[in-house]
Amino acid sequence: MALDRLLGHQDEPRRLEDLRDRPLNFDPERLSALASGHGHEDDLRQPLASEPPGDPVPGGPWETARRLMRDYAFAEGSAVGAVFDRDAPLAGRDMLLRASFYGLRFNLGVRVGEVRDETQAVNGRRARVWGWNYRTLAGHLERGRMDYEVWKWLDSGEVEFRITAVSRRAHIRNPLLRLGFRLFGRRQQLRFYRHACAEMARLTALEARPAEHR
């Protein structure tokens, strides 16, 4: 507990309600600038169980993945949990992320921005895309945006989960916390990405109804 206090930071939110009036800790109009220098730009794609070609199948992998994404279920079992109001609209939803590593815990605030639901054309192929992003709030250890999307290619029936992110370490006043985050923050970030992709593949395969039973 003493170490938690020593590594704590003054702006850390304690409750979900603490996020209500918090501003973003970056300018969303200059998002791309965060990746320069010591920032990061990530793009991960995880194949999920496929479907027959055409529109998403009721109860199939695409719809199952969409439900899991809405509930933030892919984070279960990782070092990042979340507290949020499940009855609140997804767009604009505040989320209190509770991150832990090496026995330490940190509360981090994010807010859901855009929710995307559209059919997109890419190189002559059409894909049904659903997803949402969240953006970091004041007091977060990072600055940036993370997008989660599920794609279905309508010509082949292939379904995939995508994570794209632009991030940069925020200004951390506590020198010990700043050093720890510099040493371990990126490693934990990449570990979370890998977990989210693997968990989405596992849960989608487990929960989607098999094609022969539709």
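Visitor: How many of the 11 residues of strand S7 are buried, and how should I read that count?

Guide: This is a predicted model, and burial here means a relative accessible area under 20%. Eight of the 11 residues in strand S7, which spans residues 159-169, are buried, so the strand is largely enclosed by the rest of the structure.

Visitor: Which strands are joined to S7 by bridges, and in what direction do they run?

Guide: Strand S1 (residues 40-48) runs antiparallel to S7 and is joined to it by nine bridges, with His40 having Ser167 as its bridge partner. Strand S6 (residues 142-153) is also antiparallel to S7, through 11 bridges, and there Lys152 is partnered by Val159. Five residues lie between the strands of the S6 and S7 hairpin, where Gly157 adopts a positive phi near 85 degrees.

Visitor: What does the largest nonpolar core contain, and which element gives the most to it?

Guide: In soluble globular proteins, nonpolar side chains tend to be buried together. Here the largest such core has 38 residues, and those with the most contacts inside it include Tyr72, Trp132 and Phe161. Among the elements that give two or more residues to this core are S6, S7 and helix H3 (175-207), and H3 gives the most, with six. Beyond its neighbours within four places in sequence, Tyr72 is in contact with residues including Val80, Trp132, Tyr148 and Phe192.

Visitor: Is Gly77 buried or exposed, and where is its place?

Guide: Gly77 is exposed, because its relative accessible area is 76%, and exposed means over 50%. Its place is in the loop between helix H2 (61-70) and strand S2 (80-83). Gly77 and Glu199 are 122 residues apart in sequence, while their C-alpha atoms are 8.7 Å apart in space.

Methods. Residues numbered from 1 in each chain as written. Predicted model: local features only at pLDDT ≥ 70, side-chain atom pairs only at ≥ 80, totals over all residues. Heavy atoms only, no water. Helix = DSSP H or I, 4+ residues; strand = E, 2+ residues; numbered from the N terminus. Buried < 20%, exposed > 50% of the residue type's maximum accessible area, 1.4 Å probe, protein only. Pairing = 2+ DSSP bridges. Core = buried A, V, L, I, M, F, W, Y, C linked by side-chain atoms within 4.5 Å. Contact = heavy atoms within 4.5 Å.
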